[in-house]
Amino acid sequence: MALSKLDQLYRQVILDHSQHPHHEGTLEDSTDQIELINPSCGDVIQLQLRIEEDRVQDIRFSGHGCTISRASASMMTDVMIGKTKAEAFELTQGFSELVQGKEVSDVEALGDAALLNGVAKFPARIKCATLSWKALEKALAAAGQDEN
Amino acid sequence: MKLDSQRLKKDFPILQQQVNDEPLIYLDNAATTQKPAAVLDALQMYYETSNANVHRGVHTLAERATNQYEAVREKVRQFIHANETAEVIFTRGTTTSLNWIARSYGEANVFEGDEIVLTYMEHHSNWIPWQQLAKKTGAILRFIPLLESGELDLKAAEELIGGKTKIVAVSHCSNVLGVINPITELAEMAHQAGAVVVVDGAQAVPHMPVDVQELAADFYTFSGHKMLGPTGIGILYGKRHLLEQMEPVEFGGEMIELVEEEDSTWKELPWKFEAGTPNIAGVIGLGAAIDYLSTIGMEKVHIMEQELIAYLWPQLEKIDGVTMYGPTDPAVRTGVVSFNLEGIHPHDVATAMDMEGVAVRAGNHCAQPLMRRLNLQSTVRASFYLYNTTEDVDKFVAAIQAVKEFFQYGTL
């Protein structure tokens with residue numbers, strides 16, 4: 001059956017993250033927040049961040065999304081918490097290349113998110129995977145401007 | 001009376017392929033339809049034998065192209081039962097048609113405090129032009145609510161449409177709910193209030209007989225690509241006395257009578273609206289599509305779709321966790337079926353179905369306000385057309401079952 005190809009996209013770890021996402025909810029002591037919409041499907045993600053001493057101290061996400069976007073948001077928070085802003089930005093670039101099917105030098109650094117490489121074979125879903133990462137990238141850029 | 005969809009399917013070269021190693025089941029017809037060989041041949045033939053610019057040459061090809069172009073205008077007139085060809089204007093599509101009405105008729109007739117009445121089920125293309133017109137003029141937007149069934153609340157409509165109403169803009173058929181709206185009744189309410197009714201017919205003309213005079217529509221718009229024709233060609237129908245008082249939205253060649261340094265005069269209807277070189281091949285292709293549909297007969301097309309939905313509906317109802325939207329009464333619905341699978345995001349459903357060769361749409365279907373009213377983020381939409389068979393329905397239902405199991409158990 002052709003559905004077996006779906007396993008490349010929806011690996012068990014991805015389904016687990018989507019069904020039991022990490023860091024879903026809100027942060028009471030957030031320093032930064034952002035909302036991003038995927039206009040093609042209407043999915044929306046809100047990120048709340050606590051950025052202190054140039055580091056992403058904590059993140060929570062909320063909103064509506066598909067399996068891919070929820071799993072990706074969960075994986076993103078796992079890997080980002082504790083990173084410096086520069087490291088976090090670097091990771092967003094690496095992830096963007098990964099889901100476009102490009103070589104990524106340090107795949108390990110992406111944690112579970114590395115398993116989203118199957119998205120490259122489903123181009124219509126790349127935006128689902130990158131929504132939370134783009135949101136973070138924008139939040140980091142805005143946070144940088146505030147300090148300058 | 002029954003149509004042989006299996007036979008019709010053979011007329012569509014694109015449908016003879018496999019997608020993801022499965023036979024293609026194309027169920028995204030509300031977005032765009034596939035083209036029969038007759039339409040593709042007409043395009044090829046036009047470019048091979050008749051290509052020239054229209055209305056501006058005396059040579060043989062120019063005359064041939066002009067004749068073919070204008071012959072399609074007459075075909076469209078007959079197809080929608082307009083009074084005369086002067087009322088049939090070629091545009092890029094429904095969106096352009098609606099924008100032109102809002103820009104030209106709207107800006108000349110709608111003023112501060114006037115009311116424009118829409119429905120909550122409108123496509124963005126029949127929403128934003130009026131929203132922007134209201135912002136520009138200070139007019140007020142009013143919305144006809146929906147009943148639980150997905151049909152329009154006509155009692156509420158009667159109260160909304162009144163002395164201040166200048167325009168009632170409504171879709172003939174919803175691209176999400178599949179409901180057929182009672183245009184004649186709404187037109188009567190509009191006319192009693194001294195307003196005009198603008199109809200978005202994009203989801204109606206391809207699927208059922210449409211008689212603009214019987215509907216009493218003042219303006220009626222639709223697209224060629226949703227009715228087997230090429231993209232980039234559509235129709236703006238308007239009653240002559242309304243079109244005559246309207247200024248063209250676009251200026252340039254083809255639409256002028258006399259150009260002086262400081263002023264110009266326009267050609268008569270319908271050409272005053274058709275600035276620049278039009279989509280001639282698109283028009284020719286639309287003509288071939290109308291021929292194809294007319295040979296079958298629109299009444300037959302409509303009945304065939306209703307039979308297909310009658311075959312599908314009980315099967316969908318039986319699947320645990322499936323929620324369907326829109327009316328259950330087959331008499332007021334088209335072949336557009338929006339639904340959700342409990343606990344599975346529409347995008348995941350659409351990707352999974354694509355792996356089964358089944359092309360469906362997932363998203364908000366350019367109807368964000370409607371989604372908000374229904375408390376939904378998005379839906380899956382399967383939209384059927386004359387080449388879809390009962391076998392297609394069977395495969396579609398089997399695919400839903402398979403997708404449900406995949407996401408329930410994480411694997412197969």
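A: Here is a short tour of the contact between the chains and of some rings around the model.

This is a predicted model. Chain A brings 25 residues to the contact and chain B brings 21 residues. Together they bury about 1,900 Å² between them, with carbon and sulfur atoms giving 58% of that area.

Let us start with a ring pair. The structure holds 17 aromatic pairs over all chains, and one of them joins A:Tyr10 to B:Phe407 edge-to-face, 4.8 Å centre to centre and with 80° between the planes. This pair crosses between chains: A:Tyr10 sits in the loop between α1 (6-9) and α2 (12-19) of chain A, while B:Phe407 belongs to helix α14 (residues 390-409) of chain B. A:Tyr10 counts as buried because its relative accessible area is 1%, under the 20% limit. B:Phe407 is buried too, at 9% relative accessibility. B:Phe407 also pairs edge-to-face with B:Phe406, at 5.1 Å centre to centre and 80° between the planes, and B:Phe406 is likewise buried.

Now for the charged and polar side of the contact. There is one salt bridge between chain B and chain A: A:Arg125 meets B:Asp348, with their closest N and O atoms 2.9 Å apart. Seven residue pairs are in polar contact between the two chains. On the side of chain B that touches chain A, α12 (346-355) and α14 each supply at least two residues, and α12(B) gives the largest share, five residues.

Ring pairs link B:Phe12, B:Tyr292, B:Tyr385 and B:Tyr387 into a cluster, and B:Arg373 lies over the face of B:Tyr120, 3.8 Å from the ring centre.

Conventions:
Residues are numbered from 1 along each chain as its sequence is written. Chains are lettered from A and ligands numbered from 1 in the order in which they are written. This is a predicted model: local features need pLDDT of at least 70, side-chain atom pairs count only at pLDDT 80 or more; totals for chains, interfaces and linings use all residues. Side-chain values use heavy atoms; hydrogens and water are left out. Rings of Phe, Tyr and Trp (its six-membered ring) pair if their centres lie within 6.5 Å; planes under 30 degrees apart count as stacked, over 60 as edge-to-face and the rest as tilted. Helices (H or I, at least four residues) and strands (E, at least two) are DSSP runs, numbered from the N terminus. Buried means under 20% relative accessible area, exposed over 50%, partly exposed in between (1.4 Å probe, protein chains only). A charge sits over a ring if NZ of Lys or CZ of Arg is within 6 Å of the ring centre and within 35 degrees of the ring normal. Contact means heavy atoms within 4.5 Å. Buried area is the accessible area (1.4 Å probe) that two parts lose on being put together, summed over both. A salt bridge is a side-chain nitrogen of Lys or Arg within 4 Å of a carboxyl oxygen of Asp or Glu. A polar contact is a pair of N or O atoms within 3.5 Å; within protein, one must be able to donate a hydrogen and the other to accept it, and residues adjacent in sequence count only if both atoms are side-chain atoms.
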